[in-house]
Amino acid sequence: MAPGKKGILERLNAGEVVIGDGGFVFALEKRGYVKAGPWTPEAAHTHPESVRQLHREFLRAGSNVMQTFTFYASDDKLENRGQALKITGAQVNEAACDLAREVANEGDALVAGGVSQTPSYLSCKSETEVKAIFKKQLDVFMKKNVDFMIAEYFEHVEEAEWAVQVLKASGKPVAANMCIGPEGDMHGVSTGECAVRLVKAGAQIVGVNCHFDPMTCVKAVKMMKDAVEKAGLKAHYMVQPLAFHTPDCNCQGFIDLPEFPFGLEPRILTRWDMHAYAREAYNVGIRYIGGCCGFEPYHIRAVAEELATERGILPAASEKHGMWGAGLEMHTKPWVRARARRDYWEQLKPASGRPLCPSMSTPEGWGVTKGHADLLQHKEATSSQEMKHVVELQKKAKST
């Protein structure tokens, strides 16, 4: 950590608002640097300029944390389902750490090393085997001296606990995020109990990321906060949701929506939705507020602008954005100039422009999770027979 920079716990203990970054895998997939399906981050090694630029955009938008682009960067994921990469997990993790540190040093930002759920856990590998995967990533984070750790995107609290236990051995602060909503994890552990178990495992910051829209995620974190306090424990809280509206999701979240992942654009939150999200998160006591899939830098800028009074600063990117559309006062058309006011944007109900589309979808609730034969992972590419099997399962699920 650069001299003079306050650490993550020092900031949160002082009551400061820490703003996270956004969803790198979705953002870089749209830019042509990540393959949908594997969702792996080899671009940190193969196209570092793309990752560096996105870090810079989030920093300019107000992010206080540069999270390493190491989502799904474990070797078992990099080699899963026919990926024949000539890049090791260590190479990806090291490159991601270097890029995050380079950009963090350009502002008042910290570097967080991140690990996520593994194919090995879904395939029912042992605790020792799964922990060895996290330890391999942790070795790189320690070598690169990241500022704190984030265990994120865990559907099962048991695996998240294992990750926290490994990361805790670093002696650095540990944050832990489940990718769950108010219904709990995929094995039926309640949202509140998940938080209690993560705090007991050693996490100082707990919360949720991904899978659900901002307000749903805020509700889930509020449940976590209530449970932790009821248990007589202490923690800080964070939230990094989707930038998509998901009122029709079941417990599995947006990956069960038929639009996932290539038809989600009509669900994107506006920057004005993000103002409401940031305020709601702050009001329930969450002080680490960021984003996940679908979040672009302008969304983070909206979060930073909404909380500018509390933070005492506007982000650099606000130089090109008048608060509540004030820049439209300079527009050539008078009817557009008339939109340069807060009440207009707060009351707007955006149209989709798609007359034949439903307002909500029916999720594909297959009910498959860790321990089910269909989730066993392997290095070989998905065969035509496997594809035929899953298509048949899909037809069956839709018919019922």
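**Entry 1. The loop between helix 7 and helix 8**

I began with Cys124, which is partly exposed, with a relative accessible area of 41%. The model is a predicted one. I found Cys124 in the loop between helix 7 and helix 8. Its phi is near 65°, a positive value in a residue other than glycine.

I then looked at Ser123, which lies in the loop between helix 7 (119-122) and helix 8 (127-144). Is Ser123 buried or exposed? Ser123 has a relative accessible area of 15% and is buried, because the limit for buried is under 20%. Leaving out residues up to four places away in sequence, I listed Leu375, Leu376 and Gln377 as what Ser123 touches.

**Entry 2. Two other loops with backbone features**

I looked up His211 and noted a phi near 65°, positive in a residue other than glycine. His211 sits in the loop between strand 6 (205-209) and helix 11 (214-230). Its relative accessible area is 0%, and His211 is buried.

Which residues does the cis peptide bond join? I found the bond between Phe260 and Pro261, with omega about -5°. Pro261 belongs to the loop between strand 7 (236-240) and helix 12 (271-283).

**Entry 3**

I checked some of the pairs. Strand 2 and strand 3 run parallel and are joined by 3 bridges. In that pairing, Val65 stands opposite Leu110 in strand 3. Strand 3 is also joined to strand 4 (residues 148-154), again parallel, by 5 bridges. Here Ala112 has Phe148 in strand 4 as its bridge partner. Strand 6 and strand 7 pair in the parallel sense over 5 bridges, and Val208 has Val239 in strand 7 as its bridge partner.

Why do I call strand 3 largely enclosed? I call it so because 7 of the 7 residues of strand 3 (residues 110-116) are buried. I sorted them by face. Leu110, Ala112, Gly114 and Ser116 are on one side, and Val111, Gly113 and Val115 are on the other. Both faces are covered.

**Entry 3. Phe71**

Phe71 is in the loop between strand 2 and helix 5 (75-78). I noted a relative accessible area of 15%, and Phe71 is buried. Not counting residues up to four places away in sequence, Phe71 touches Val25, Trp39, Thr40, Pro41, Ser116, Glu152 and Tyr153. Ser116 is among the buried residues of strand 3. I also took the separation of Phe71 and Tyr153, which are 82 residues apart in sequence and 8.7 Å apart in space, C-alpha to C-alpha.

Helix 4 (residues 48-61) has 14 residues. From its first C-alpha to its last, helix 4 reaches 20 Å, close to the 20 Å expected at 1.5 Å a residue. Just after helix 4, I found Gly62 with a positive phi of about 125°.

Which residues of helix 4 are buried? I listed Ser50, Val51, Leu54, His55, Phe58, Leu59 and Ala61. An α-helix has 3.6 residues a turn, so residues three or four places apart point the same way. The cover over the buried residues of helix 4 includes helix 2 (24-30), helix 3 (43-46), strand 2 (65-67), helix 6 (89-104) and helix 13 (297-306).

Among the buried ones are Pro297, His299, Arg301, Glu305 and Glu306. The cover over helix 13 includes strand 1, helix 4, helix 12, strand 8 (288-289) and helix 14 (308-311).

**Entry 4. The second largest pocket**

Last, I looked at the second largest pocket, which holds about 600 Å³ of space. How many residues line the second largest pocket? I counted 20, of which Pro266, Arg267, Ile268, Ser352 and Ser359 lie nearest its centre. By class, the lining has 9 nonpolar, 6 polar and 5 charged residues.

Conventions. Residues are numbered from 1 along each chain as its sequence is written. This is a predicted model: local features need pLDDT of at least 70, side-chain atom pairs count only at pLDDT 80 or more; totals for chains, interfaces and linings use all residues. Side-chain values use heavy atoms; hydrogens and water are left out. On a 1 Å grid over the protein atoms alone, a cavity is a set of points where a 1.4 Å probe fits but cannot get out, and a pocket is an open set with protein on both sides within 12 Å along at least five of seven lines; lining residues have an atom within 4 Å of a point. Grid points are joined across faces, edges and corners, and a volume is the space filled by probe spheres set on the points. Ala, Val, Leu, Ile, Met, Phe, Trp, Tyr, Cys and Pro count as nonpolar, Asp, Glu, Lys and Arg as charged, and the others, Gly among them, as polar. Helices (H or I, at least four residues) and strands (E, at least two) are DSSP runs, numbered from the N terminus. The expected span of a helix is 1.5 Å times one less than its number of residues. Buried means under 20% relative accessible area, exposed over 50%, partly exposed in between (1.4 Å probe, protein chains only). Contact means heavy atoms within 4.5 Å. Two strands pair if DSSP finds at least two bridges between them.
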